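Here is a short report on one protein chain. Please keep the sequence and the model in view while reading.

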Amino acid sequence: MRCNHVRLNCGITMPLIGFGTYSYPNDKKKTQIAVHNALEVGYRHFDTAKIYGSEPALGKALNEAIYMGEIVREEIFLTSKLWGSDHHDPISALKHTLENLDMEYLDMYLVHWPVKLKPWVNYPIPNEDDFENLDLETTWTGMEKCLEMGLCRSIGVSNFSSNKIEWLLDFANTPPVVNQVEMHPMWRQRKLRRTCGEHKIHVSAYSPLGGPGNAWGSTAVVNHPIIQSIALKHNATPAQVALKWGLSKGSSVIVKSFSEERMEENMGSFDLNLDDEDILEIDKLDEMKIMRGEFHVNETTSPYKTIEELWDDEI
């Protein structure tokens, strides 16, 4: 297995750095150009979702590269996600995603959130009355059927707490291969990483730099003096330090920048070697913030998880 890949519990391998395709506003042409540039830089893992609106642009760019002989489909690891309004029929939702991408299969299909929304809710921030009771067992049965039908090579989840992982495993015939969650040096997901590790579920980190540019994110990670001092010590960038910290914890990271310079910078995190002292300093970071009461949940987390769940997973 190549050192920049991880082997999942189903036996397939996944590149450790993924290229995220969410952008706001969603610009199809800019997304296509960014994907072509990412392929040139060396990205082979691409992350999308129905709610991002980027599936058609991503698919067009990848198919163009395949047609031109720049890549073959087997080189690409392609991930998309089941939106909350499609929990009643994951098979139809995945077939629609494949139509958007103009692909025959996904490498990984994730339950985007452990919430069910009314069928017409196709916007990213639902209203309070948009939610329905989630029957996770029925949803997961549909995901398993997607796998059996060959529509995807693996299935997983996203934004699941430790408690929801345990709940899912109570009835799942096929365990999730991945739990994709927000994770970075100031939100380390210690308990969740332990829970997933016990069940051989790989943790993949989105917003690994703290989500600058997102409504729930900030620049607190890359601007932190400790992160910056470690970067200076190694002649690296703060982003590379944050990404390497995530990789050092055994996680993959989903990066999101349409700047070619930043794409190359993020890939450069593979070449950075953090020593034990660096890791220790970073691992103290969130503990200090929590102890001082300086870590504000609403600044760094998404609105779908309750505060109780977030604190429960951090302990």
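In which hand does α1 pass α2? The crossing of α1 past α2 is right-handed. The model behind this report is a predicted one.

## Helices α1 and α2

Helix α1 spans residues 28–41, and helix α2 spans residues 55–67. They pack at an angle of about 40°. Their axes lie 8 Å apart. That angle makes α1 oblique to α2, since the roughly parallel class takes only angles under 35 degrees.

From α1, the contact draws on Lys28, Thr31, Gln32, Val35, His36 and Leu39. From α2 come Ala57, Leu58, Lys60, Ala61, Leu62, Glu64 and Ala65. Sorted by class, the contact of α1 with α2 holds seven nonpolar, three polar and three charged residues.

## The barrel

Eight strands close into a barrel. Their order is β3-β4-β5-β6-β9-β10-β11-β12, and the pairing is parallel. Neighbouring strands of this sheet are turned against each other by 30° on average, direction ignored.

Strand β3 (residues 17–20) runs parallel to strand β4 (residues 45–47). Two bridges join β3 to β4. Phe19 has Phe46 of β4 standing opposite.

## Phe19 and its aromatic partner

How many aromatic pairs does a search of the whole structure find? The search finds four. One of them joins Phe19 and Phe258. Their ring centres are 6.0 Å apart and their planes meet at 15°, so this pair is stacked. The cut-off for stacking is planes under 30 degrees apart.

Phe19 belongs to strand β3. Phe258 sits in the loop between β12 (252–255) and α9 (260–267). The pair therefore ties together parts that are 239 residues apart in sequence.

## Helices α5 and α6

Helix α5 covers residues 162–169, and helix α6 covers residues 190–198. Their axes come within 9 Å and cross at roughly 20°. The two helices are therefore roughly parallel to each other. The crossing of α5 and α6 is right-handed.

On the α5 side, Ser162, Ile165 and Glu166 take part in the contact. They meet Lys191, Leu192 and Thr195 of α6. By class, the contact of α5 with α6 splits into two nonpolar, two polar and two charged residues.

## Helices α8 and α10

Is α8 roughly parallel or roughly perpendicular to α10? Helix α8 (residues 238–248) and helix α10 (residues 276–283) have axes that cross at roughly 95° and come within 11 Å. That makes α8 roughly perpendicular to α10.

Helix α8 contributes Val241, Trp245 and Ser248 to the contact. Helix α10 contributes Ile279, Ile282 and Asp283. Four residues of the contact of α8 with α10 are nonpolar, one is polar and one is charged.

## Backbone details

Two backbone details in loops follow. The peptide bond from Tyr24 to Pro25 is cis, with omega near 0°. Pro25 falls in the loop between β3 and α1.

Asp102 has a positive phi of about 55°, although Asp102 is not a glycine. This residue lies in the loop between α3 (90–101) and β6 (108–111).

Terms used:
Residues numbered from 1 in each chain as written. Predicted model: local features only at pLDDT ≥ 70, side-chain atom pairs only at ≥ 80, totals over all residues. Heavy atoms only, no water. Axes fitted to C-alpha atoms, helices over the stretch in contact; angles between N-to-C directions. Helix = DSSP H or I, 4+ residues; strand = E, 2+ residues; numbered from the N terminus. Parallel < 35°, antiparallel > 145°, perpendicular 65-115°, else oblique. Left-handed = near helix turned anticlockwise from the far one by under 90°. Contact = heavy atoms within 4.5 Å. Nonpolar A, V, L, I, M, F, W, Y, C, P; charged D, E, K, R; others polar. Pairing = 2+ DSSP bridges. Phe/Tyr/Trp six-rings, centres within 6.5 Å; stacked < 30°, edge-to-face > 60°.
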